[in-house]
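Let's take a walk through this one together.

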Amino acid sequence: MNNRRKFIVQLGLGSAAAVLASRAMADAAPLTEADPQASAMGFKLDGTKVDKTKFPKYAAGQQCSGCALYQGKAGDKSGPCSVFAGKIVPATGWCNVWAKKA
Ligand code: SF4
C-alpha cells in the first residue's frame, strides 16, 4: 500500500474511532448521587459537599478532574469514569475512590 493510500485509510479509521467515542459519550448517562453504588462511595456532584465525617479521606481541592480514573480531557465539564462504566461524572465531582492523577 502506498503511503498516500495508507494515510487515507488511517485517517478513515481514526475518524471512525472518534465518532464511536463521541457517540459512546453521548449515550452515557450522568451519574447521580442517588445511584446505589455512587452513594456507597460518597459520590457528590459537587466535591465540596462531601460529608467529611463519613468520608474523611476527602481533602479540599480533590475533584474528578484531578482523579486518575477520570477519562475526560482537561477543560471538559464532565467525562467518563472507569469506576462507573457507562456513566458521566462532572469534573467537579468526587467519590471515595479518588486517586491523584499522575
Ligand atoms: Fe470522580 Fe475519580 Fe470517583 Fe470517578 S473514581 S467518580 S473520577 S473521584
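Start at Thr92, which you'll find in the segment after strand S3 (87-90). Keep in mind that this is a predicted model. Is Thr92 buried, exposed or partly exposed? Its relative accessibility comes out at 40%. Buried would need a value under 20%, and exposed one over 50%, so Thr92 counts as partly exposed.

What does Thr92 touch, once you leave aside its neighbours within four places in sequence? The contacts are Leu45, Asp46, Gly47 and Gln63.

Now zoom out. The chain has two helices and three strands, and if you read along the sequence they come in the pattern α-β-α-β-β. Take the contacts between residues at least 6 apart in sequence: 58% of them join residues at least 24 apart. As for burial, 26% of the chain's 102 residues count as buried. The chain exposes about 6,800 Å², with carbon and sulfur atoms supplying 61% of that area.

Last stop, the ligand. Where does it sit? You'll find the ligand in the largest cavity. Around it are Cys64, Cys67, Leu69, Tyr70, Cys81, Val83, Phe84, Cys95 and Trp98. Sort the residues of that shell by type and you get nine nonpolar, no polar and no charged.

Technical notes
Residues numbered from 1 in each chain as written. Predicted model: local features only at pLDDT ≥ 70, side-chain atom pairs only at ≥ 80, totals over all residues. Heavy atoms only, no water. Near = heavy atom within 4 Å. 1 Å grid on protein atoms, 1.4 Å probe; cavity = no way out; pocket = protein on both sides within 12 Å on 5 of 7 lines; lining within 4 Å. Sits in = over half its atoms within 2 Å of the grid points. Nonpolar A, V, L, I, M, F, W, Y, C, P; charged D, E, K, R; others polar. Helix = DSSP H or I, 4+ residues; strand = E, 2+ residues; numbered from the N terminus. Buried < 20%, exposed > 50% of the residue type's maximum accessible area, 1.4 Å probe, protein only. Contact = heavy atoms within 4.5 Å. Areas by Shrake-Rupley, 256 points an atom, 1.4 Å probe, with all protein chains shown as cover.
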